[in-house]
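Good morning, and thank you for making time on the agenda.

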Number of protein chains: 2
Amino acid sequence: MTTDLDTLSVNTIRGLCMDAVQRAESGHPGTPMGIAPVAYTLWQRFLRFDPADPIWPNRDRFVLSEGHASALLWSLLHLTGVRAVDPDYEVLGRPSVTLDDLKTYRQLDSRCPGHPEYRWTSGVETTTGPLGQGVATSVGMAVAGQWLAARYNRGSFPLFDFNVYAIAGDGDMMEGISAEAASLAGHLRLGNLCWIYDSNRTTIEGHTDITFTEDVAERFLAYGWNVTTVADANDLDAAERALHSFHAEHERPTLVLVHSHIGYGSPVEDSPKAHGEPLGPDAVRETKRFLGLPEDTDFYIPDQVYERFAQGIGARGGTARTAWQSRFDAYRVQYPELADEIERMQRRELPDGWQDALPTFPADAKGIASRDASGQVLNALAQAVPWLLGGSADLAPSTKTRQTFPGAGDFQADDRSGRNLHLGVREHAAAAIANGMALTKLRPYWSTFLIFSDYARAAIRLSALMEIPTLHIFSHDSIGVGADGPTHQPVEQLASLRAMPGLLVFRPADANEVVETWRVVAGLRHEPAALVLSRQPLPTFDRNRLAPASGVAMGGYVLTDPPSGNPDVILLATGSEVALALAARDELTADGVAVRVVSMPCWELFDRQSHQYRDQVLPPAVRARVAIEQASTLGWERYVGDTGAVVGMHTFGASAPLKQLLRKFGFTPERVSQAAREQVAANI
Amino acid sequence: MTTDLDTLSVNTIRGLCMDAVQRAESGHPGTPMGIAPVAYTLWQRFLRFDPADPIWPNRDRFVLSEGHASALLWSLLHLTGVRAVDPDYEVLGRPSVTLDDLKTYRQLDSRCPGHPEYRWTSGVETTTGPLGQGVATSVGMAVAGQWLAARYNRGSFPLFDFNVYAIAGDGDMMEGISAEAASLAGHLRLGNLCWIYDSNRTTIEGHTDITFTEDVAERFLAYGWNVTTVADANDLDAAERALHSFHAEHERPTLVLVHSHIGYGSPVEDSPKAHGEPLGPDAVRETKRFLGLPEDTDFYIPDQVYERFAQGIGARGGTARTAWQSRFDAYRVQYPELADEIERMQRRELPDGWQDALPTFPADAKGIASRDASGQVLNALAQAVPWLLGGSADLAPSTKTRQTFPGAGDFQADDRSGRNLHLGVREHAAAAIANGMALTKLRPYWSTFLIFSDYARAAIRLSALMEIPTLHIFSHDSIGVGADGPTHQPVEQLASLRAMPGLLVFRPADANEVVETWRVVAGLRHEPAALVLSRQPLPTFDRNRLAPASGVAMGGYVLTDPPSGNPDVILLATGSEVALALAARDELTADGVAVRVVSMPCWELFDRQSHQYRDQVLPPAVRARVAIEQASTLGWERYVGDTGAVVGMHTFGASAPLKQLLRKFGFTPERVSQAAREQVAANI
């Protein structure tokens with residue numbers, strides 16, 4: 001039952017949000033003011049979250065999908081007294097969000113930035129702001145919760161039973177990614193997932209009547225969700241009843257549709273003006289008066305509000321976590337191996353000896369597509385790393401990402417233990433769901449064709465920004481796609497992915513480079529990676545005659561050198577074009593040209609090597625250079641210099657069998673040799 | 001009523017699709033075989049389309065959103081006898097698709113590539129293949145139809161009343177972009193739009209039961225659509241009734257949900273095996289036997305099938321088009337100016353004297369944000385070019401793309417004449433809708449923040465692949481966004497857009513460069529462009545002391561040179577960083593360093609200039625070069641060489657006021673000057 005203290009607590013949050021935005025002279029006050037009562041009810045009465053250990057594995061997850069309402073989250077984290085966590089998952093003594101942080105909202109280095117940033121402020125479960133990402137990511141968290149329960153719960157040890165809550169705004173609900181995620185969540189019957197739809201019907205251009213008049217509740221019923229409505233966001237008891245209805249529902253995800261008022265209590269209530277700018281000092285005072293807050297006190301927090309949080313969510317969360325820890329200690333005695341898995345996973349470590357599972361591939365001129373090699377490595381690795389799991393956006397048979405060993409199975413509503421997700425033709429949600437699984441400390445991957453990475457870019461970017469080891473697997477990586485034509489042939493996608501800070505992009509040249517790529521990416525703890533794989537077979541190189549594939553770890557390495565050791569020209573290539581470089585090398589060698597071939601599977605790793613190493617691979621004195629890649633040439637000048645040549649794609653592709661395309665677009669040994677000869681001639 | 005000849009016609013199409021795929025030994029036979037009867041019914045009994053003039057402005061539009069079923073479209077275009085059209089919109093004598101083209105399906109230079117390609121094969125209304133794009137684009141076509149009707153129809157001259165049909169598969173329906181587009185289409189009550197949902201419930205990973213179990217019909221009802229069902233795709237009369245229900249419905253878009261069987265009649269009916277590979281010669285024979293086709297004749301087309309098409313769609317379309325032409329001739333007499341608009345639009349020309357509308361901006365040290373300058377230019381231009389219209393993904397007040405002059409108004413269900421669309425928080429559909437409007441010969445733009453171009457990349461790509469002049473307007477183009485932080489600060493987006501073939505990316509440096517940018521992009525006929533604009537004010541340069549902004553047309557130009565004309569160092573920059581380059585130049589000049597500043601608003605245009613011009617701007621002898629851009633450095637080596645320096649972004653941004661960010665990330669005159677001095681020292 002709602003008390004005066006509840007009301008005071010809610011209004012205290014509203015006051016903090018207004019003040020933070022006002023002091024910053026920038027930010028979003030209106031959304032927090034509208035939804036604060038529901039967020040408060042959730043945190044205070046339901047959320048199972050221990051502020052003393054914000055990374056407790058079985059905590060409920062709270063996602064603020066309408067990330068512009070960050071001031072709400074900062075206020076909650078401060079009032080709850082959440083502790084900070086370091087990047088290696090140690091809980092620290094200091095609070096996550098101090099009052100000073102709140103006062104420096106949106107200033108450089110404040111723990112209260114403009115939008116919630118994972119890893120920067122503990123208690124933030126995922127970075128949000130780009131709309132739709134939070135809710136889609138929450139589906140991945142709910143999937144992870146179900147999978148963890150299926151794998152690790154034992155009779156008297158229900159180790160994993162957390163719920164996942166996300167607050168979403170009208171903008172979230174308009175984004176396609178949320179539709180994709182909701183459809184899949186309904187299909188998977190994720191009873192542990194609750195979206196709270198903060199329907200204030202106000203967006204930047206005006207009332208949603210101008211563009212968004214669909215019946216959202218009906219839509220979610222069509223997806224197979226449980227839908228319940230809160231007619232007035234200020235009715236805490238109604239919100240409580242709605243959340244009880246979620247708790248009572250185990251077969252379907254729940255949408256709580258809340259009718260709210262942006263900028264509640266302020267002069268700009270229900271207006272777009274309440275969205276993205278400070279209210280102004282006068283309006284702040286007027287609103288505080290309306291809310292019963294002292295109008296001349298900034299950042300007003302009565303002691304009893306702190307106490308209310310401590311006695312509510314704090315006490316409940318602490319008790320729950322302590323009980324869980326005891327349970328886990330007993331579990332460890334009975335199931336030491338499973339307990340070890342859980343603990344390793346939390347630290348983002350892998351089982352001992354996981355590298356022993358990696359195969360090697362014998363030399364084979366006919367070879368194997370790198371997607372096929374990757375599928376084999378993935379299957380070997382997944383047996384050594386039980387929490388390596390994932391799915392495909394309806395392309396597993398093509399991307400070769402299905403785990404096919406006995407017992408791998410499908411993750412479905414009737415079997416939560418499966419290792420293979422059918423994500424549907426929903427690339428954007430697929431990537432966000434993988435992010436959500438990674439945030440829950442699983443090692444997830446998802447896959448599609450490289451061309452369709454475009455559909456998922458915003459979610460891929462978030463994996464990089466959050467520094468989480470999501471694996472993005474992209475096959476059909478070039479005009480090698482063949483007759484499907486230019487709509488399916490990536491050209492600019494490699495450059496686009498390489499331009500993204502913090503993403504490691506690998507394009508292995510043969511099966512053993514695939515193995516070494518997996519060796520690197522499996523070990524990543526704080527970085528996402530993109531694996532870029534061929535549709536067509538690539539020869540498996542004879543490593544007795546060429547450098548070992550372990551050079552992949554350096555990002556780029558000398559694959560072969562002329563007997564003299566003094567190359568006239570350097571050929572650089574990635575993926576399928578490395579074999580082409582070797583073929584051109586043979587031609588050139590026969591003509592007396594001394595050729596070095598450099599394989600460059602991962603630019604980002606190469607750029608991290610010492611200056612000395614990079615100069616060894618690409619000696620500054622050798623200016624004659626040709627890069628070869630079936631992709632946009634953008635960026636290759638970094639390695640070939642402005643005098644070097646790039647044999648690449650300058651247009652979109654075409655629909656034809658691969659051999660015809662290679663001729664049309666000039667990916668032939670003759671063309672590469674000619675470019676090399678021209679380079680040598682120009683640089684003598 | 002269905003006749004034997006109808007059945008024979010449908011099965012002829014199926015035979016052609018099977019044979020084309022079989023001969024190509026690659027392709028997608030199953031989907032065409034399943035939906036052929038409905039496509040046939042639509043074309044034969046409803047589609048108002050004259051094969052003798054496939055670009056007649058009032059033709060019904062047909063979009064094959066499930067583009068992998070291209071063999072179906074190639075068969076229809078061949079049987080209908082559609083004529084070819086050249087890139088400048090002249091109808092040619094030769095057919096669009098010959099029998100030889102069908103026989104060379106998916107071979108190099110065949111008019112029948114793997115997926116429908118706009119401009120390559122006439123009769124293709126939009127390029128499809130990436131799922132969801134076709135249906136979303138169809139919404140733009142329907143919007144355009146309504147707008148054209150509102151502007152040009154007069155009492156007895158209903159010039160524009162065409163319908164837009166799209167056939168979509170399960171994959172289309174799973175993609176978020178289609179959800180966004182359907183929501184908006186429902187809101188806008190596009191009664192001229194009909195999606196035919198080819199529900200064969202089979203995707204690459206298997207039956208849709210594994211991932212897609214929502215109630216699509218209910219979902220579309222929630223969007224406000226009219227929904228009708230065809231229980232059996234082979235029931236032509238049922239399809240006819242459904243399409244009549246669309247014709248009878250004027251207030252809502254219509255979804256015709258068709259239950260179909262992938263690979264109908266073949267041994268792999270209802271199996272994913274029917275999706276993406278040839279059936280095999282034996283199965284083809286067996287299927288032909290089942291369908292009553294001669295099993296040993298490839299590409300069998302009875303004469304009466306050709307005749308059926310000629311007497312059906314051909315005769316109906318010809319009559320309609322001839323009648324329309326007479327109507328238009330009379331209209332031209334009565335409304336010569338409106339008729340002139342329509343004709344210019346069809347040729348992608350602009351009204352005479354449109355350039356007179358462009359403003360110039362006086363020098364102003366305080367300046368104006370380039371988004372604001374763009375808004376002013378757009379408003380001036382839109383008054384001169386009535387069919388320049390567009391909208392924003394809920395950010396018009398921020399991107400400054402609203403047309404605010406009297407009478408501009410909103411495009412809504414109750415007023416189709418408005419020039420401003422409220423596209424909602426639906427970036428991906430927004431871009432595709434703009435494409436659809438461009439395909440209907442309007443000059444559309446849409447806008448969002450640069451960071452959210454990521455959400456729309458796949459549709460932006462299609463504008464480039466189709467070579468249509470869609471304008472993509474992106475504001476908030478760098479860390480200049482400020483306190484919203486890294487989720488909202490683009491870093492890699494510029495490089496990503498520049499990597500895309502055929503897209504002109506402009507980042508103007510001041511208000512007059514904005515004017516010149518609009519001068520270029522307004523005149524584009526066959527290329528899309530991206531306008532990349534600042535949130536923060538940029539000084540308007542004093543062009544008496546600097547080169548004129550008309551240099552924008554060259555992509556890059558010398559803005560200022562040292563008095564000697566012999567620079568020691570070249571500073572290159574775009575957008576907001578040009579002012580920084582000028583500030584650094586002042587510092588360096590005071591120190592006796594001779595500096596050239598080059599503004600590079602559009603790399604793509606610069607790269608098209610003569611070698612001589614490029615060497616004039618960037619003399620090979622001047623190796624000391626510094627590029628400055630608040631973005632990923634990827635690609636700048638092309639202009640600064642491998643010895644040059646780039647002051648750019650190497651990480652994601654941060655949440656803080658802009659001044660703090662400029663210091664943190666090193667965008668200060670001191671840092672640029674220092675880099676320049678180092679360059680000069682290293683290159684002496």
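Buried area is the accessible area, taken with a 1.4 Å probe, that two parts lose on being put together, summed over both. Please keep in mind that what you see is a predicted model.

With that definition, the area buried between chain A and chain B comes to about 7900 Å², and carbon and sulfur atoms give 55% of it. Within the share that chain A buries against chain B, Glu205(A), Tyr455(A) and Arg461(A) supply 10%, more than any other three residues. In terms of contacts, 95 residues of chain A meet 95 residues of chain B.

What polar links join the two chains? There are 62 residue pairs in polar contact between chain A and chain B, counting pairs with both residues at pLDDT 80 or more. On the side of chain A that touches chain B, helix α7 of chain A, residues 176-188, gives the most, with six residues. Sorted by class, that side of chain A has 38 nonpolar, 34 polar and 23 charged residues. The salt bridges between chain A and chain B number 10. One of them brings together the side chains of Glu492(A) and Arg461(B), at 2.7 Å from N to O.

Let me now widen the view to salt bridges in general. Over all chains, the count comes to 79. Consider Asp6(A), which forms a salt bridge with Arg308(A), with 3.0 Å between the closest N and O atoms. Asp6(A) belongs to helix α1 of chain A, residues 4-24, and Arg308(A) to helix α11 of chain A, residues 303-334, so this pair ties together parts that are 302 residues apart in sequence. Is Asp6(A) buried or exposed? Its relative accessibility is 0%, and therefore Asp6(A) counts as buried. The pair also belongs to a network of salt bridges that links Asp6(A), Arg45(A), Asp237(A), Glu240(A) and Arg308(A).

A second example in chain A is the salt bridge between Arg252(A) and Glu249(A), whose closest N and O atoms are 3.0 Å apart. Here Glu249(A) is buried, at a relative accessible area of 13%, whereas Arg252(A) is partly exposed, at 30%.

In chain B, Asp591(B) forms a salt bridge with Arg677(B), and the closest N and O atoms lie 2.6 Å apart. Asp591(B) sits in the loop between α19 (576-590) and β20 (595-599) of chain B, and Arg677(B) in helix α24 (residues 669-683) of chain B, so the pair ties together parts that are 86 residues apart in sequence. Both ends are partly exposed: Asp591(B) has a relative accessibility of 49%, and Arg677(B) one of 34%.

I turn next to a strand of chain B. Strand β21 of chain B, residues 625-632, is mostly covered, with eight of its eight residues buried. Which strands pair with it? Strand β19 of chain B, residues 569-573, runs parallel to β21(B) and is joined to it by four bridges; across this pairing, Ile570(B) stands opposite Arg625(B). Strand β22 of chain B, residues 645-649, also pairs with β21(B) in the parallel sense, again over four bridges. There, Ala627(B) has Val646(B) in β22(B) as its bridge partner.

Another place in chain B deserves a moment. Gly482(B) lies in the loop between β14 (471-475) and α17 (493-498) of chain B. Its relative accessible area is 3%, and buried means under 20%, so Gly482(B) is buried. Which residues does Gly482(B) touch, not counting those up to four places away in sequence? They are Gln489(B), Ala654(B), Ser655(B), Ala656(B), Leu658(B) and Leu661(B). Of these, Ala656(B) is 174 residues from Gly482(B) in sequence, yet the two C-alpha atoms are 5.5 Å apart in space.

Finally, a word on the backbone. Most residues other than glycine have a negative phi. Glu25(A), which is not a glycine, has a positive phi of about 55 degrees. Glu25(A) is in the loop between α1 and α2 (30-46) of chain A, and with a relative accessible area of 64% it is exposed. Asp394(B) also has a positive phi, near 65 degrees, and is placed in the loop between β11 (388-392) and α14 (396-399) of chain B. Asp394(B), however, counts as buried, at 6% relative accessibility.

Thank you for your attention.

How values were computed
Residues numbered from 1 in each chain as written. Chains lettered and ligands numbered in written order. Predicted model: local features only at pLDDT ≥ 70, side-chain atom pairs only at ≥ 80, totals over all residues. Heavy atoms only, no water. Buried < 20%, exposed > 50% of the residue type's maximum accessible area, 1.4 Å probe, protein only. Helix = DSSP H or I, 4+ residues; strand = E, 2+ residues; numbered from the N terminus. Pairing = 2+ DSSP bridges. Contact = heavy atoms within 4.5 Å. Salt bridge = Lys/Arg side-chain N within 4 Å of Asp/Glu carboxyl O. Polar contact = N/O pair within 3.5 Å; in protein donor to acceptor, adjacent residues only side chain to side chain. Nonpolar A, V, L, I, M, F, W, Y, C, P; charged D, E, K, R; others polar.
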